[in-house]
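Visitor: I have just opened this entry and would enjoy a guided tour. Could you take me through it?

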Amino acid sequence: MRVYQEAQKLNVTPKYLMEICIQLGITGKTFVSGLNPEELKLIEGNIKKIQRGKEKIVITGAETIGGLASKMAISASDLIKTLTELNITATMNEKIGLENIQMLCESLGFSYTIQRTKETYYSGKYVDSSAELQKRSPIVTVMGHVDHGKTTILDTIRKTNVAQKEYGQITQKIGAYKVHINTGSIVFIDTPGHEAFSAMRARGAGFTDIVVLVVAADDGVKMQTVEAIDHCKVANVSVIVAINKIDKPNVNPEMVKKQLTEYGLIPEEWGGQTVYVNVSGLTGQNIKELLEIILLMGEMMELKANPDRPAEGTVLESYIHKQKGAVINLIVQNGTLNIGDYFVCGGTCGKVRAMFDEFNNRMDKAGPSTPVEVFGAHETCPPGEKFFGVSSESEAKEKADALKTGNVSKSFVVKKLTLEELQKQIMQGRINEVKVILKMDSNGSKEAIIGSLEKISSQMQNEVKAKLVTVHSGLGSINESDVLLAVSSGAIILGFNVSADNNIEKLAKQYGIEIKTYKIIYDLVEDVKAAMEGTLKPEEILSLSGQALVKKLFKVGKNQVVAGCLVVEGKVVRNSKIKVLRDGKPVFEGALSSLKRFKDNVKEVGINTECGISMENFNDLMEGDIIQSYVIITGEKK
Ligand code: GDP
């Protein structure tokens, strides 16, 4: 066939066809030149590819080969052939996933758009495909020791990097704020410090991408610096070190770097991977560089999200506004939140009535990595709760009710963690690490305990399948940071000659974390060893269940005495430990041999009820004695 004839057939101009010929390396042709069958095939394939590229295929999710073939106007066998070339096997009626469809489109020269139906989005079964993902801003938390300058750095960033139109506007705290520089934007969490960071993580909400660790050049590494480092390690977040207060005379940033290498933060220039920036929060020196480094790190981390799906985020804080009702401040992590969207968070739900940014500007939509204040929730909701968009009011109500009544799992579930539980898990082969947080009274005991634990750990390496990992060790009382770190790392807390105050005990109980304290190093080390070997004995705690007053004694048989008693407190339990008190002093400890109501043996007898009690190996009861019944609780501390 001649060039002009082929052009007619393909519905293109002969000139265009000539251009295609040149592109394909078919040279020396004129309008009337002939084309051989091989050349024709090549031209035809190419023109189809170009034409396909102009038409967009709409992909809505996984599709069958048959369905795709008709959408693309290609035979199913041609599709299967192309898939085989891509090392994907599929039959006519088989569904192939989004990623494979994208590969197919690219290979056949189709351009495409992905349009998920509302149903696919809300079904909860979809995964964002790589084509849907777009770059998002990094979310940053600032940590470090008290007074090292975290707040000053955050304030300086906020003051010097707000957009021009917002400059001078009154900012309001909504838990986080976004700053913009030439190369991108960054979200900073308002509350500096590792407690807030870890409290969020303990509730299952880890949204920080990068931590800026602030260390004052004139003070160096301090207790909370080490705590913060250990929190970051457990959370596996990237750390940038900001050595602050370099405006001060005679400070030595190199010294700080040296100190930090002991904790694994080795500077890039010394062969490590940690980026250090010398800054001054006070004068603003190098703050711009710090922001640029954060963006660069974010770039390298390839932080991405899909803005075209319903919003998913985490609640930062929530309160009741006098006029406007429940307010939820959240950070959108994926998707986009729009005015009018229905949502669920924790046990509450609502419809977005209004949204504001940190400058009180009204917003219509909030995409990934955006902090936003939302009005329209029915009630407030605890920080750390997951927030997600749903398709309808009824779905919102249904999901919130299910969360409220506990019919579905909440964002955060307490799992009890004790040394015994860890032992059980090692024995079952479910874990191969025993994680501990050690708090001690002095450097002397710290060295002795860590030394002994390291020794048993290496001695036992071959015998047991678990190794000992010290997540954090420090001096002083057990504090909130220790408990939160224990929650997020799955560690137990062992204290030597230190204690935890009531609030900390309560917090630990709330999170199901065990705090064990010791007065003798040997006991601490032996307990850890026993847990790793599987020989740890359950801790036996006696709990008073009730008391009975001996009113009358009856002789039964030769030596046996039965005491006619009245239960005066709680209940007396048959299988319990017994203490006999006479004039307030214990005269016997042992066990019951029988507990009866009239002639019947019973398991327990409640308050204000008469019963007959006899003891094992004790017949010297007297009227007026008090019999205390104790039940044993194992493995529970207090
Ligand atoms: P935070 O507890 O870590 O939040 O520390 P702050 O930001 O409250 O700072 C503690 C003190 O250090 C304040 O008196 C600040 O003015 C001072 N400060 C913070 N940054 C700098 C700095 O870069 N240079 C100097 N000279 N002082 C600073």
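Visitor: How far is an oxygen atom of the ligand from an N or O atom in the side chain of Thr151?
Guide: Happy to start there, and do keep in mind that this is a predicted model. Thr151 is listed with Asp147, Lys150, Thr152 and Asp247 as the residues that come nearest to the ligand. From an N or O atom in the side chain of Thr151 to a ligand oxygen, the distance is 2.4 Å.

Visitor: What share of the ligand's exposed area does the protein bury?
Guide: Begin with the ligand taken alone, which exposes 570 Å². With the protein in place, the buried part of that area is 74%.

Visitor: Which helix gives the most to the shell around the ligand?
Guide: The shell has 15 residues, and they divide into 2 nonpolar, 8 polar and 5 charged. The top contributor supplies 3 residues and spans 150-160. That element is helix 8.

Visitor: Which strands stand at the edges of the open sheet of 6 strands?
Guide: The order in this sheet is 7-8-6-9-10-11, and its pairing is mixed. From one strand to the next, the twist averages 30°. Each edge strand has a single partner, so one of its sides has no neighbour in the sheet; these are strand 7 (176-181) and strand 11 (275-278).

Visitor: Which residue in strand 9 stands opposite Met143?
Guide: Strand 6 (residues 139-144) pairs with strand 9 (residues 210-216). The two are parallel and share 5 bridges. Opposite Met143 you will find Leu213.

Visitor: Why is one side of strand 23 and of strand 25 left without a neighbour in the sheet?
Guide: These strands belong to an open sheet of 4 strands with parallel pairing, in the order 23-22-24-25. Its twist averages 25° from one strand to the next. Strand 23 (467-475) and strand 25 (515-518) are at the edges, so the reason is that each has a single partner strand.

Visitor: What is the bridge partner of Met440 in strand 24?
Guide: Strand 22 (residues 433-440) and strand 24 (residues 492-496) run parallel and are joined over 5 bridges. In strand 24, Met440 is partnered by Phe496.

Visitor: Which residue of strand 21 is the bridge partner of Cys345?
Guide: Strand 21 (residues 386-390) pairs antiparallel with strand 13 (residues 312-321) over 3 bridges, and there Gly313 stands opposite Phe387. Strand 16 (residues 342-345) also pairs with strand 21 in the antiparallel sense, over 4 bridges. The partner of Cys345 in strand 21 is Phe387.

Visitor: Which residue takes a positive phi in the hairpin of strand 29 and strand 30?
Guide: Strand 29 (residues 577-582) and strand 30 (residues 585-597) run antiparallel, joined by 6 bridges, with Lys579 opposite Glu589. Between the strands are 2 residues. The one with a positive phi near 50° is Asp583.

Visitor: How many Å separate the centres of domain 1 and domain 2?
Guide: The domain assignment gives domain 1 as 3-122 and domain 2 as 135-304, among others. Taken over C-alpha atoms, their centres are separated by 50 Å.

Note on methods. Residues numbered from 1 in each chain as written. Predicted model: local features only at pLDDT ≥ 70, side-chain atom pairs only at ≥ 80, totals over all residues. Heavy atoms only, no water. Domains from an automatic or database assignment. Near = heavy atom within 4 Å. Polar contact = N/O pair within 3.5 Å; in protein donor to acceptor, adjacent residues only side chain to side chain. Areas by Shrake-Rupley, 256 points an atom, 1.4 Å probe, with all protein chains shown as cover. Nonpolar A, V, L, I, M, F, W, Y, C, P; charged D, E, K, R; others polar. Pairing = 2+ DSSP bridges. Axes fitted to C-alpha atoms, helices over the stretch in contact; angles between N-to-C directions.
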